[in-house]
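Please consult the sequence and the structure shown here while reading.

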Amino acid sequence: MTASVTAFGPGRVNLIGEHTDYNGGLALPFAIAEGVTVVATAIDGDDVRAIASDFDGGRDAFPLADPPRDDDTTGWRAFVRGMVAELGADGRALTPALLEISGTLARGSGLSSSAALEVALALALLGVAGVDVADDDRLALARVCSRVENDWVGAQTGLLDQTASLLGRSGRALRIDFRDMDVTEIPLDLGAWTLVTADSGQAHSLDAAEGYNERRAECEDAARRLGVATVSEATPDQAASLPDPLSRRVRHVLEENARVDATVAALRAGDLADVGRLLDASHASLRDLYDASTDAVERTVSALRDAGAAGARMVGGGFGGHVLALLPPDVTPPPGARAVTPGPGAHLLR
Ligand code: GLA
């Protein structure tokens with residue numbers, strides 16, 4: 001046991017490879033500087049106590065050994081109770097603690113405030129119990145965090161966000177192959193080019209979660225019909241044989257997987273104009289084949305292109321949230337756009 005630890009879980013930007021994670025495909029995310037900080041202090045008794053000053057009525061207290069699932073297990077409390085429960089179910093030693101939660105990421109922003117919260121909670125809870133998370137344990141921990149999201153928060157998301165938050169590295173993006181969870185670090189050398197994010201002004205809502213879960217169900221339906229484990233294993237001809245909208249969903253996944261490796265090749269060749277074209281193609285596919293864009297997102301993409309971006313696209317689940325753009329050296333970020341650079345993965349600050 002340690003008297004007190006401070007854990008930081010970063011949000012993430014996904015350079016490319018959207019809605020591929022739960023389809024056994026490829027993605028290329030990186031951890032960012034914004035995220036969630038959790039201070040955990042050991043306390044006497046048998047409870048976990050939590051204070052989340054940024055949230056409405058931000059206090060909670062429950063038995064460490066038996067986090068409740070009741071009418072109050074919603075919003076941020078579902079993350080805290082779920083994290084304690086799932087770490088315990090994973091056989092990890094925990095200790096009574098006070099958790100103080102604060103963050104620099106807007107919720108529902110598409111920059112993965114949820115994974116940042118899960119990951120910061122996990123490192124804080126384990127840290128205060130005296131447990132260091134080894135590098136080779138981080139993927140297993142990402143799965144535990146994802147169970148919180150799936151089973152306690154109710155979003156049927158994949159492993160993209162938690163993996164990026166836990167395994168991120170300064171200056172690098174991660175090529176993740178979700179078929180076997182193979183992770184390769186790819187240097188993100190942008191020279192004088194910049195990546196920026198801009199808020200569409202439309203926060204993810206319940207509708208977004210419904211849209212997301214519906215897309216996931218459609219892809220599972222498509223895989224069942226084709227007799228493949230995930231739609232990433234389908235051929236383009238098989239995709240075309242499906243009824244609409246399933247054919248478009250599968251085509252998006254297959255082409256998006258190919259764009260991830262095309263982006264890795266373009267980065268290795270230093271061809272950033274090509275990376276911009278791939279971002280544009282990804283966005284068009286998410287809009288036209290995956291139906292995951294909205295008017296607010298389209299306006300934000302257009303504004304960034306008008307400002308001179310070489311490419312721009314929605315990031316994360318879509319249906320609102322942030323837009324990512326790649327700006328050539330001579331382009332000044334338009335008002336409201338903020339530069340993002342790949343930062344370190346989740347870590348203890350002290
Ligand atoms: C959200 C989910 C991820 C992933 C993206 C879309 O961020 O949490 O698992 O599916 O959407 O790529």
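The structure is a predicted model. The domain assignment of the protein gives two parts, domain 1 with residues 4-188 and domain 2 with residues 194-339. Their C-alpha centres are 24 Å apart. To the contact, domain 1 contributes 32 residues and domain 2 contributes 38 residues.

The size of an interface is often expressed as the accessible area lost when the parts come together. Here, domain 1 and domain 2 bury about 2,900 Å² between them. Carbon and sulfur atoms account for 63% of that buried area.

The rule finds 3 salt bridges between domain 1 and domain 2. A salt bridge joins the side chains of Asp261 and Arg175, with an N to O distance of 2.8 Å.

On the side of domain 1 that touches domain 2, the elements that give two or more residues are β1 (4-14), β2 (26-27) and β3 (29-42). Of these, β1 gives the most, with 3 residues. The composition of this side of domain 1 is set out below.

| Residue class, domain 1 side | Count |
|---|---|
| Nonpolar | 12 residues |
| Polar | 14 residues |

Key. Residues are numbered from 1 along each chain as its sequence is written. This is a predicted model: local features need pLDDT of at least 70, side-chain atom pairs count only at pLDDT 80 or more; totals for chains, interfaces and linings use all residues. Side-chain values use heavy atoms; hydrogens and water are left out. Domain bounds come from an automatic or database domain assignment. Contact means heavy atoms within 4.5 Å. Buried area is the accessible area (1.4 Å probe) that two parts lose on being put together, summed over both. A salt bridge is a side-chain nitrogen of Lys or Arg within 4 Å of a carboxyl oxygen of Asp or Glu. Helices (H or I, at least four residues) and strands (E, at least two) are DSSP runs, numbered from the N terminus. Ala, Val, Leu, Ile, Met, Phe, Trp, Tyr, Cys and Pro count as nonpolar, Asp, Glu, Lys and Arg as charged, and the others, Gly among them, as polar.
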